[in-house]
Amino acid sequence: MWNRQPTEHELIDPGNTGLGHRQVQWWGLPDGWVISKRPAHPPLVSEADFIAVQGMRADRETTCPDRRYLLAGMVHCGVCGRRLESCWANNREAYRCRHGHTTANGSDTARPKNVYVRQDRILPHLQALYLLLSGSDPADWPATPPDVMEVIETCETREITLIYDPCRARFARTRPGR
């Protein structure tokens, strides 16, 4: 299979071509993948088994059951756009982006090394987000503020992504395709 993660080369600085190019990769859509008509080697598992396990996800046992990453997969980095990974920082749940330091691709030295935001700094802002989602008319707002889990479920249902901007230390929200 080819073209699952296409690579392009773009100028580092279009105003100064002497700086050269950098590789840029992204996940391609399945309709753009190129699948070989004949296998290059004998398969390790059948195609039916491979397809069957693609939707499965194994739950990992945690060493500390008190850790609950409520926003896992919902928070993205405002610097590079990557999804923040869950981590344990200063004895609290947190989210971080290492800006490519964990991948084989070279990282941009101008980016900050790591971005961290603690979960307890995010959760108090979710009720205000819920009011924004409810509409601008105060008559549409709920009589009592929803609990945090209700707001998180609403964000998941509406496929809302939270974007953390470390330079401004604040959040923005987006929806898929925007």
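## One aromatic pair

How many aromatic pairs does a search of the whole structure find? The search finds one. Before we look at it, a word on the model: this is a predicted one, where local features need pLDDT of at least 70, side-chain atom pairs count only at pLDDT 80 or more, and totals for chains, interfaces and linings use all residues. Residues are numbered from 1 along each chain as its sequence is written, and side-chain values use heavy atoms, with hydrogens and water left out.

A pair of aromatic rings is described by the distance of the centres and the angle of the planes. Here the partners are Tyr-69 and Tyr-95, sitting edge-to-face with 6.4 Å centre to centre and 75° between the planes. (Rings of Phe, Tyr and Trp, the last by its six-membered ring, pair if their centres lie within 6.5 Å; planes under 30 degrees apart are stacked, over 60 edge-to-face, and the rest tilted.) The pair links distant parts of the chain, 26 residues apart: Tyr-69 is in the loop between helix H1 (47-53) and strand E3 (75-77), and Tyr-95 is in strand E5 (residues 92-97). Tyr-69 is partly exposed because its relative accessibility is 27%, while Tyr-95, at 0%, counts as buried. (Buried means under 20% relative accessible area, exposed over 50%, partly exposed in between, with a 1.4 Å probe and protein chains only.)

## The overall layout

The protein has four helices and eight strands, and from the N terminus on they run β-β-α-β-β-β-β-α-α-α-β-β. (Helices, H or I with at least four residues, and strands, E with at least two, are DSSP runs numbered from the N terminus.) Of the 178 residues, 21% count as buried.

Strands of a sheet pair through backbone hydrogen bonds, either parallel or antiparallel. In this model, three strands make an open sheet in the order E4-E5-E6, with antiparallel pairing. Strand E4 (85-89) and E6 stand at the edges with a single partner strand each, so one side of each has no neighbour in the sheet. E4 and E5 pair over five bridges (two strands pair if DSSP finds at least two bridges between them). Glu-85 stands opposite Arg-96 in E5.

## The nonpolar core

The largest nonpolar core holds 22 residues, and Leu-71, Val-75, Leu-84, Leu-126, Ile-152 and Cys-155 touch the most other members. (Such a core is a set of buried Ala, Val, Leu, Ile, Met, Phe, Trp, Tyr and Cys residues joined through side-chain atoms within 4.5 Å.) H3 gives the most to this core, with four residues.

Take Leu-126: leaving out residues up to four places away in sequence, it touches Leu-71, Val-148, Val-151, Ile-152 and Leu-162. (Contact means heavy atoms within 4.5 Å.)

## Arg-4 and its neighbours

Now for the segment before strand E1 (7-11), which is where Arg-4 is found. Arg-4 lies over the face of Trp-33, 4.9 Å from the ring centre. (A charge sits over a ring if NZ of Lys or CZ of Arg is within 6 Å of the ring centre and within 35 degrees of the ring normal.) Not counting residues up to four places away in sequence, Arg-4 touches Trp-26, Trp-27, Gly-28 and Trp-33. Arg-4 and Gly-28 are 24 residues apart in sequence but 5.1 Å apart in space, C-alpha to C-alpha.
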